[in-house]
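Subject: The structure I mentioned

Hi,

Here is the structure I said I would pass on. Have a look at it first, then read my notes below.

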Amino acid sequence: MKATAIANANIALVKYWGKRNKELILPFNSSISMTCDGLHTKTTVDFSGSYGKDTVLINDEELKKDEKNIMAHIERIRQMAGITDKAKIISESNFPVAAGLASSASGLAALTLAASKAAGLNLNEKELTILSRLGSGSASRSIPEGFVEWHHGEKEDGSDSFAESIASKSHWPEFRMLACIVSEARKPVGSRAGMAQTVDNCPYYEGWLKTVNDDIAAVKKGIAERNFTLVGSTAEKNTLKMHALMMTTTPAIIYWIPQTLEIMHSVMLWREEGLESYFTIDGGPQVKVICLQKDEKEILSRLSSLDCVIRAINCPPGGGAQLSNSHLF
Ligand code: 2P0
């Protein structure tokens with residue numbers, strides 16, 4: 001009745017931004033991500049302590065009231081397993097939470113694996129991705145390894161909206177995401193509210209849906225052929241489209257800060273000079289620079305010479321979520 005899991009964050013190359021079903025967290029479009037070695041969450045769940053109430057400690061802080069989806073997720077797993085025991089949960093991430101580095105993805109994926117195991121459920125990988133999705137959409141992509149596709153699915157019940165690895169981490173070990181931290185502040189608008197608002201009132205959302213399948217096809221082809229230019233250029237175009245949607249909803253959502261733009265312009269300039277790299281940005285100001293191992297040293301050195309970068313975390317493709325015998329308590 002006690003289990004520990006470790007899950008890596010993932011960074012999308014083709015983004016998820018909008019739900020066709022908010023209850024079941026079913027997306028309008030499929031998305032593709034890389035599971036990131038180096039950005040992880042470790043979570044221990046214990047149902048066996050005869051606890052009087054649920055306690056959840058995330059990075060040494062009690063659960064905030066606005067993080068209701070975590071309690072709902074624990075309750076969902078208890079119901080699936082047919083248990084009523086209260087839980088003690090401790091979770092630790094090695095990167096800033098809620099600042100656009102996919103902490104909810106690694107957090108909900110680690111929680112899903114640890115809690116389902118502790119509750120006595122033995123779910124396979126596909127089932128774990130579906131259960132993680134119900135906690136947070138992008139968490140479904142933190143269960144499998146390497147390069148991952150989360151299928152939007154067609155069915156009303158969500159049974160075909162799951163994530164799977166489309167290439168292992170050893171298929172393209174030279175691929176890099178350099179996660180540049182430019183601010184450790186909490187983001188002003190959460191992704192869940194931001195994407196709901198975008199679907200409701202962004203006049204360009206249909207344009208996103210019309211073109212996103214082409215981006216999915218291009219990134220899949222690029223990964224299969226290890227065509228870096230195709231993957232990088234498509235990922236950069238896709239992130240700019242997503243941020244254009246955010247900026248043109250009412251009220252506007254602008255996650256970029258001056259530091260974000262400084263890195264974007266630098267990457268574009270370096271590319272013109274022949275140093276091939278691309279950027280992708282999620283629901284926050286951080287920039288992830290996409291490059292190949294042969295250029296990582298030079299790019300990291302250039303990034304560290306920019307005043308705006310607090311630190312850069314170098315992530316190769318990572319493994320899928322794993323159980324661990326070393327518990328946090
Ligand atoms: C992504 N993001 O594909 C996109 C890009 C943020 C920007 O998935 O409501 O925290 O829990 O399903 O998974 C963040 O959204 O949202 C996200 P919910 P989630 O990575």
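What follows is a short tour of what turned up in it.

One thing to keep in mind throughout: this is a predicted model.

**The two domains**

The chain splits into domain 1, covering 2–172, and domain 2, covering 175–315. Their centres, taken over C-alpha atoms, sit 23 Å apart. Domain 1 puts 37 residues into the contact, and domain 2 puts in 52 residues. The size of an interface is often given as the accessible area lost when the parts come together. Here domain 1 and domain 2 bury about 3700 Å² between them, with 70% of that on carbon and sulfur atoms.

In soluble globular proteins, nonpolar side chains tend to be buried together. The largest nonpolar core in this model has 43 residues, and the members that touch the most others are Leu 13, Phe 175 and Ile 223. Both domain 1 and domain 2 supply at least three residues to this core. Apart from it there is another core, of 28 residues, which includes Ala 87, Leu 108, Ala 110 and Leu 111.

Which residues does Ile 223 touch, leaving out those up to four places away in sequence? The list is Leu 13, Ile 32, Phe 147, Ile 166, Ala 167, His 171, Trp 172 and Val 231.

**Helix α5**

Ile 223 is also one of the buried residues of α5, along with Tyr 205, Trp 208, Val 212, Asp 215, Ile 216, Ala 218, Val 219 and Gly 222. Among the elements covering these buried residues are β1 (2–14), β4 (31–46), β8 (147–150), β9 (163–167), α4 (191–201) and α6 (228–247).

Even so, α5 has a kink of about 35°, centred on Thr 211. Just after the helix, Arg 226 takes a positive phi of about 50°.

**Over to α8**

Leu 300 is in helix α8, residues 293–304. Leu 300 is partly exposed, at a relative accessible area of 24%. Leaving out residues up to four places away in sequence, Leu 300 touches Leu 178, Ala 312 and Asn 314.

Most residues other than glycine have a negative phi, and most peptide bonds are trans. A few spots here go the other way:

- Ile 25 is not a glycine, yet has a positive phi of about 50°. It is in the loop between β2 (19–21) and β3 (26–27), and at 1% relative accessibility Ile 25 is buried.
- Ser 50, also not a glycine, has a positive phi of about 50°. Ser 50 is in the loop between β4 and β5 (55–58), and is exposed at a relative accessible area of 72%.
- The peptide bond from Thr 250 to Pro 251 is cis, with omega near -5°. Pro 251 is in the loop between α6 and α7 (258–272).

Cheers

Notes. Residues numbered from 1 in each chain as written. Predicted model: local features only at pLDDT ≥ 70, side-chain atom pairs only at ≥ 80, totals over all residues. Heavy atoms only, no water. Bend = angle between axes of the 7 residues up to and from the residue. Helix = DSSP H or I, 4+ residues; strand = E, 2+ residues; numbered from the N terminus. Buried < 20%, exposed > 50% of the residue type's maximum accessible area, 1.4 Å probe, protein only. Contact = heavy atoms within 4.5 Å. Core = buried A, V, L, I, M, F, W, Y, C linked by side-chain atoms within 4.5 Å. Domains from an automatic or database assignment. Buried area = accessible area lost by both parts, 1.4 Å probe.
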